[in-house]
Amino acid sequence: MKELVFASSNPGKIIEVRKIFDGGDFHIISLLDLNDVPEIVEDGLTFEENAKKKATIIYEKYMLPTIADDSGLVVEQLNGAPGVISARYSYEGCTYDENNKKLLKELSMFSPPHKAKFVCCAVYIDEKKYYSALGEVKGIIINEARGKLGFGYDPIFLPDGYDKTLAELNLDEKNKISHRAKAFKKLSKLVFNL
């Protein structure tokens, strides 16, 4: 089995991505499985810039084919915020709950519905190739957190056509519609013909 590095140390993301690539002829290892991992500052202006930076740094360090992603929440009434700073929306090192509270406070000035979308850019890099793919899921932000299964903004995000938040959907259900699943499924077709 070939090793493929997923340039992430986020346990929630790692579980999702391993599930998406389940059945392939490679073994996905994450940054949690590697030693001496370099620090990566996500200072890009777009999701692709951040994903490409992560993948490039990790590929150059370990010389193994690498996938990476950057994703975030884009809220219409907030002119696209939190966007590329979704994970550190409140401050560097903040909790998911702190981000959710800040977002809901800012949206309290607007009338519902609070239209939003999750966006993900997934990339692949090796010694010869670079690929990228985008995925998104549209929905609305609700005022009260529901569900314990997701992470990040999942408990306050209600996908279009669903009466459950992303945090109320199990992994199989989430991976049918999520931005990350869509991006990585497109990427896997481009790279591995899966």
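**Strand pairing, core packing and local geometry**

Strand 1 (residues 2-6), helix 1 (residues 11-20) and strand 2 (residues 26-30) form a β-α-β unit of right-handed sense. The model described here is predicted. Within the unit, strand 1 pairs with strand 2 in the parallel sense, and five bridges join the two. One of the residues involved is Phe6, whose bridge partner in strand 2 is Ser30. Strand 2 is largely enclosed by the rest of the structure, because four of its five residues are buried.

The largest nonpolar core contains 18 residues. Those that touch the most other members are Phe6, Val17, Phe21, Ile28, Ile67, Phe184 and Leu187. At least two residues of this core come from each of strand 1, helix 1, strand 2, strand 4 (114-125) and helix 5 (179-192). Helix 5 supplies the largest share, with five residues. Three aromatic residues named above, Phe6, Phe21 and Phe184, are also linked into a cluster by ring pairs.

In total, five aromatic pairs are found. One of them joins Tyr96 and Phe151, with 6.1 Å from centre to centre and 45° between the planes, a tilted arrangement. This pair connects distant parts of the chain, since Tyr96 belongs to helix 3 (residues 96-107) whereas Phe151 lies in the loop between strand 5 (130-141) and strand 6 (157-159), 55 residues apart. The two partners are also described by their accessibility: Tyr96 is partly exposed, at 43% relative accessibility, while Phe151, at 17%, is buried. For Phe118 and Phe157, the ring centres are 4.7 Å apart and the planes meet at 55°, so this pair too is tilted. Phe118 is part of strand 4 and Phe157 part of strand 6, so the pair ties together parts of the chain that are 39 residues apart in sequence. Both of these phenylalanines are buried.

Thr66 lies in strand 3 (residues 66-75). With a relative accessibility of 0%, Thr66 is buried. Its side chain reaches the backbone oxygen of Leu64 at 2.7 Å. Beyond residues up to four places away in sequence, Thr66 touches Leu4, Val5, Ala7, Ala55, Ile58, Tyr59, Val123, Tyr124 and Ile125. Among these contacts, Leu4 and Val5 fall within strand 1 (residues 2-6).

Lys53 is located in helix 2 (residues 47-62). The relative accessibility of Lys53 is 27%, so the residue counts as partly exposed. Leaving aside neighbours within four places in sequence, Lys53 is in contact with Ile40, Val41 and Asp43. In the case of Val41, the side chain of Lys53 reaches the backbone oxygen at 2.7 Å. Ile40 is 13 residues from Lys53 in sequence, and the C-alpha atoms of the two are 8.0 Å apart in space.

Several features of the backbone also stand out. Most residues other than glycine have a negative phi, and most peptide bonds are trans. Two cis peptide bonds are described here. One joins Ala81 and Pro82, with omega about 0°, and Pro82 lies in the loop between strand 3 and helix 3. Another joins Pro112 and Pro113, with omega about 5°, and Pro113 is in the loop between helix 3 and strand 4.

Positive phi values occur at Met63 and at Asn79, neither of which is glycine. For Met63, phi is near 55°, and the residue is placed in the loop between helix 2 and strand 3. Met63 is exposed, at 53% relative accessibility. For Asn79, phi is likewise near 55°. Asn79 lies in the loop between strand 3 and helix 3, which also holds Pro82. The relative accessible area of Asn79 is 78%, so this residue is exposed as well.

Note on methods:
Residues numbered from 1 in each chain as written. Predicted model: local features only at pLDDT ≥ 70, side-chain atom pairs only at ≥ 80, totals over all residues. Heavy atoms only, no water. Buried < 20%, exposed > 50% of the residue type's maximum accessible area, 1.4 Å probe, protein only. Polar contact = N/O pair within 3.5 Å; in protein donor to acceptor, adjacent residues only side chain to side chain. Contact = heavy atoms within 4.5 Å. Pairing = 2+ DSSP bridges. Right-handed = clockwise from strand over helix to strand, strands pointing away. Core = buried A, V, L, I, M, F, W, Y, C linked by side-chain atoms within 4.5 Å. Phe/Tyr/Trp six-rings, centres within 6.5 Å; stacked < 30°, edge-to-face > 60°.
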